Amino acid sequence: MRISKRAERIEPFYVMEVAKAASQLAREVAHGDKPMVYLTIGEPDFTAPPLVQEAAVRAVRNGTTQYTPAIGLESLRERISDWYRQCFGVNVPARRIAVTAGASAALQLVCQALIEAGDEVLMPDPSYPCNRHFVIAAEGQPVMVPTTAAERYQLSAEKVEAHWGDKTRGVLLASPSNPTGTSIHPDELRRIHACVQAKGGVTLLDEIYLGLSHDDAFGQTGLAIDENVISINSFSKYFCMTGWRLGWVVAPEPLIPVIERLAQNFFLCPSTVAQHAALACFEPDSIAEYERRRAQFRARRDWFIPALEKIGFKVPVVPDGAFYAWADCSSWFDAWNVSNSWDFAFEAMKRAHVAISPGRDFGTAESARFVRFSTANSMEQLQEAAARFAVLRP
């Protein structure tokens, strides 16, 4: 069977490949004294809170399960608009919001709407792998720009200017970022966007971890800068609805009908049950629960980062959001007879029964030295993982 060149350009999602290997080993060690600890996938260990679950059940029982408009329930778009106003002081009219089948669908729709074959999109290295693959699927070319710890692993206006070429269409950023958990300072984001606008490009901003910011200096939406910033968000992370597959995009008003037309053809509409459930995310009791959970994610970060440092991992930048630790593991290489973070991750599975994500997924600049720990797991699991590494410390 002939496979399209487009499909062959899409690399495996290596985090998921590692997770498969970890699951296989987990079955072998399940009844031992060290069952597998998973610090791989960025999935909150919390589920949707009670009001959200009840709203989903109610929708099913009432038969409210037919197609919705392609860009989502008007009532849900209004609730999202209210959330921006109440939490961030930003006026985002519902007419600029399209609800999608997850943030992944939002990125796919935006890329299909804006990227022509051969267009280049600037992205920081490291960054979330699927984002560059959405660009590739639209027949564009991601241009990975190496970043440093001093830059918080984010692009700067100077780097955007330096790497902009004749084929550059725009930038695709993430704040807070996966895998680093670092954000772009609002002043720098403003400079980046001004540079992009001056060149007639587009600023795409992945903000799916915005609700999990831990520092007021960074926890601001890029939508406050200009209505031409295109923001992708999700109910998966802050709202703890990963498997419900529900997200949204905020875009300039003229782009929404284009997104709607594409969504009608690609998806028909987001999950109706998930949309009705998501309406309950914005109830005061639900928000209070989400804020309690955000405090727990911060407490996990505050405990786990120093614990990693004590046992030989270096975290160059303390994450200000999300639930990840981007850690240099190279001090372990000689003792474990490995030369890169990919092999180190598999050794960690075998020796410590701890599953982590090798840097290979996230770029090429320094990825061979780095692994990503997900702190979305419980404090008990984080403490167990650190204790196992401590025993094996070179």
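The notes that follow cover sources, helix packing, aromatic pairs, and charged side chains.

This is a predicted model, in which local features need pLDDT of at least 70 and side-chain atom pairs count only at pLDDT 80 or more, while totals for chains, interfaces and linings use all residues. Residues are numbered from 1 along each chain as its sequence is written, and side-chain values use heavy atoms, with hydrogens and water left out.

**Helix packing**

- Two packed helices are described by the angle between their axes and the distance between the axes.
- Helix 13 (residues 341-352) and helix 14 (residues 379-392) have axes that come within 11 Å and cross at roughly 95°, which makes helix 13 roughly perpendicular to helix 14 (a term for angles of 65 to 115 degrees).
- On the helix 13 side the contact (heavy atoms within 4.5 Å) is made by Phe-344, Ala-348, Arg-351 and Ala-352, and on the helix 14 side by Arg-388, Phe-389 and Leu-392.
- Sorted by class, this contact of helix 13 with helix 14 has five nonpolar, no polar and two charged residues (Ala, Val, Leu, Ile, Met, Phe, Trp, Tyr, Cys and Pro count as nonpolar, Asp, Glu, Lys and Arg as charged, and the others, Gly among them, as polar).

**Aromatic pairs**

- The count comes to 35 aromatic pairs, where rings of Phe, Tyr and Trp (its six-membered ring) pair if their centres lie within 6.5 Å, and planes under 30 degrees apart count as stacked, over 60 as edge-to-face and the rest as tilted.
- Tyr-209 and Tyr-324 form an edge-to-face pair, with 5.6 Å centre to centre and 80° between the planes.
- Because Tyr-209 lies in the loop between strand 6 (202-206) and strand 7 (230-234) and Tyr-324 in strand 9 (residues 324-328), the pair ties together parts that are 115 residues apart in sequence.
- Both Tyr-209 and Tyr-324 are buried (under 20% relative accessible area, with a 1.4 Å probe and protein chains only).
- Trp-326 and Phe-370 form a stacked pair, with 5.1 Å centre to centre and 10° between the planes, and this pair links strand 9 with strand 12 (residues 370-374), 44 residues apart.
- Trp-326 is buried, and so is Phe-370.

**Charged side chains**

- Arg-360 lies over the face of Trp-342, at 4.6 Å from the ring centre (the rule asks for NZ of Lys or CZ of Arg within 6 Å of the ring centre and within 35 degrees of the ring normal).
- Lys-159, found in helix 7 (residues 157-163), is buried, with a relative accessible area of 19%.

Methods. Axes fitted to C-alpha atoms, helices over the stretch in contact; angles between N-to-C directions. Helix = DSSP H or I, 4+ residues; strand = E, 2+ residues; numbered from the N terminus. Parallel < 35°, antiparallel > 145°, perpendicular 65-115°, else oblique. Buried < 20%, exposed > 50% of the residue type's maximum accessible area, 1.4 Å probe, protein only.
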